[in-house]
Amino acid sequence: MQETPVTAIHRTATFRTVDAGSPEAELVRRAQARDEAALRAIMQANNRRLYRLARGILRNDSEAEDVVQETYVRAFTHLDGFRGESGLSTWLSRIAINEALGRVRSRKPNVELDTLAEAALEAQIIRFPLSSASSDPEKSMAQREIQRVVEHAVDELPDAFRMVFIARVMEGMTMEETAGLLGVKPETVKTRLHRARAMLRENVEKKIGPVVMDAFPFAGERCERLTETVLKRLGVGA
């Protein structure tokens, strides 16, 4: 069996090949044997990235969470299709993107990731309130408001620019990784990222800098709930 086909994106970049003797390869072998600890480790390491990518396409929390769940079920039931031609995270990301695009196509036929509308370039960006120092480990009310506005502002970016911003800025992926994942040239990634930053405005971006990595969180109870649901669907664990 071959890896899950990528119908909506193209392999325009070369990703690292997974060494058969690497810790990741061993983790995959354990996951193929339905080792619960391995399955949990894979999900906990990839939950946030897959959720952010899916949400970047769908702009809907519950749908994005559904996509992440379906991605894992598809991947874990076809792990023999993972040949290590790319990193496990990249393979899972491609599945998640295709799953999310499939949902978009059910509403808008013939939609492809690299042809998503680039209109409405002047997205409405809400200025962020200034946050004050707080000893609250769970963030102050002002910080939570900034996070909400960050999410809203990113949602307002045109589709193609939003996906690049999420991949490059929020997930810290390299130019080449982003290009390969989204099926565009590195030069296109650079241009779109520049436009995305411009739309968010320089002064606004400075304000979101400290909190942008916490936008669209997928941890704690939500992360654990999804992990348990996937394990239950796979018949693993108690």
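Predicted model: local features only at pLDDT ≥ 70, side-chain atom pairs only at ≥ 80, totals over all residues.
**Stop one: α10.** Select residues 220-233, helix α10. The helix has 14 residues. From first C-alpha to last it reaches 20 Å, close to the 20 Å expected at 1.5 Å a residue. Now show the side chains of Cys223, Leu226, Thr227, Val230 and Leu231, which are buried. They lie on the same side of α10, because they cover an arc of only 135 degrees around the axis. Turn to the other side of α10: Glu221 and Lys232 are exposed there. Then step past the helix to glycine 235, which follows α10. Its phi is positive, near 70 degrees.

**Stop three: α3.** Stay on α3, a helix of 16 residues. It reaches 23 Å between its first and last C-alpha, close to the 22 Å expected at 1.5 Å a residue. Its buried residues include Ala64, Val67, Val68, Tyr72 and Phe76. What covers the buried residues of α3 includes α2, α4 (88-107) and α10.

**Stop four: arginine 55.** Move to α2 and pick arginine 55. Is this residue buried or exposed? Arginine 55 counts as buried because its relative accessibility is 7%, and the cut-off for buried is under 20%. Select aspartate 155 next: a polar contact of 2.6 Å joins its side chain to that of arginine 55. Leaving aside neighbours within four places in sequence, arginine 55 is also in contact with Asn60, Asp61, Ala64 and Phe216.

Methods: Residues numbered from 1 in each chain as written. Heavy atoms only, no water. Helix = DSSP H or I, 4+ residues; strand = E, 2+ residues; numbered from the N terminus. Expected span 1.5 Å × (residues − 1). Buried < 20%, exposed > 50% of the residue type's maximum accessible area, 1.4 Å probe, protein only. Arc of directions from axis to C-beta. Contact = heavy atoms within 4.5 Å. Polar contact = N/O pair within 3.5 Å; in protein donor to acceptor, adjacent residues only side chain to side chain.
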